[in-house]
Structure formats: structure tokens, C-alpha cells
Amino acid sequence: VQLQASGGGLVQAGGSLRLSCAASGRTFKTNVMGWFRQAPGKEREFVGYIRWNGASYADSVKDRFSVSIDNAKNTVYLQMTSLKSEDTAVYYCAASLRNGGRWVNDYEYWGQGTLVTVSS
């Protein structure tokens, strides 16, 4: 599975941005698609994931971010609203052929990351 993330950029605090992650390859074997982020000097952290029975989010983004998937386009999206300066990070999409989850090691495939910068 190959993943290509896009859509990052500079946005003002309070604004919105939508990230995309296009998947190719053995996408039919993918069970869970996730989003993580990594701020400078920090570890990569869970943002949200989507699987067949719904989505789950980190408390820090719940009610502001949402993950959706377009199976026809093999693309997963991360809609971000009410952005804050602390959301500034490189955002990564990830795919799991197993059960996925909230940890980096739950995912076997990763995209290259896209930078989101929120100015205050």
C-alpha cells in the first residue's frame, strides 16, 4: 500500500483545512486508515482513525477534526476546523491491514507527511 498525503499549508488560528491521503496498491486489504501528527521536538501522536464501524479521535481534536473516506477514490480525508497554534505539525496518514488503533506500531504503511502551520 502506498500513501500520498497532501493539503497542508499555512492557516490562521480559527480557520479550517482539509488534508487528503490517496492510497494505491493493495488498498482492498486495508482495514483501518489513520492520521497522526508530529510537532517539532515531539513524538508522533494519534489524531484519528476510521474503520468499517466508525471513527475515533484523540481528545485534543475531538469535535474539531473529522476523518472520512471516499472508497471510490481510495482517498481518506482529515477535515480540520477551529484550528489552534498547537495543531501545528507534520500530519501523516497511515494504513493498517490489521485492527489499527491509536499507536504508531498499529500501522504498517505510512505516507510522507504534509506540514500544517497555524498562525496565531
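Is D87 buried or exposed, and what is its relative accessible area? D87 is buried, with a relative accessible area of 0%. The close-ups below come from a predicted model, and they start with this residue.

**Close-up 1. R37 and D87 meet in a salt bridge.** Here the side chains of the two residues come together, with an N to O distance of 2.9 Å. R37 belongs to strand β4 (residues 32-38), whereas D87 lies in the loop between β8 (75-80) and β9, so the view brings together distant parts of the chain, 50 residues apart. R37 counts as buried because its relative accessible area is 5%, and the cut-off for burial is under 20%. D87 falls under that cut-off too, because its value is 0%.

**Close-up 2. D87 also meets R64.** Stay with D87 and look at its salt bridge with the side chain of R64, where N and O are 2.8 Å apart. This pair again links distant parts of the chain: R64 sits in the loop between β6 (54-57) and β7 (65-70), D87 in the loop between β8 and β9, and 23 residues separate them. Both R64 and D87 are buried.

**Close-up 3. R98 pairs with E108.** The closest N and O atoms of this salt bridge are 2.9 Å apart. R98 and E108 both lie in the loop between β9 and β10 (109-110), 10 residues apart. R98 is partly exposed, with a relative accessible area of 48%. E108 is partly exposed as well, at 31% relative accessibility.

**Close-up 4. A network of shared partners takes in R37, E45, R64 and D87.** Salt bridges that share partners join these four residues into one network. The count of salt bridges in the model comes to 4.

**Close-up 5. Strand β11 has a covered and an uncovered face.**

**Close-up 6. Strand β11 pairs with β2 and β9.** Strand β2 (residues 9-12) runs parallel to β11, and 4 bridges connect the two. Within this pairing, Q12 has S119 of β11 as its bridge partner. Strand β9 (residues 89-96) runs antiparallel to β11 and is joined to it by 3 bridges.

Technical notes: Residues are numbered from 1 along each chain as its sequence is written. This is a predicted model: local features need pLDDT of at least 70, side-chain atom pairs count only at pLDDT 80 or more; totals for chains, interfaces and linings use all residues. Side-chain values use heavy atoms; hydrogens and water are left out. Buried means under 20% relative accessible area, exposed over 50%, partly exposed in between (1.4 Å probe, protein chains only). Two strands pair if DSSP finds at least two bridges between them.
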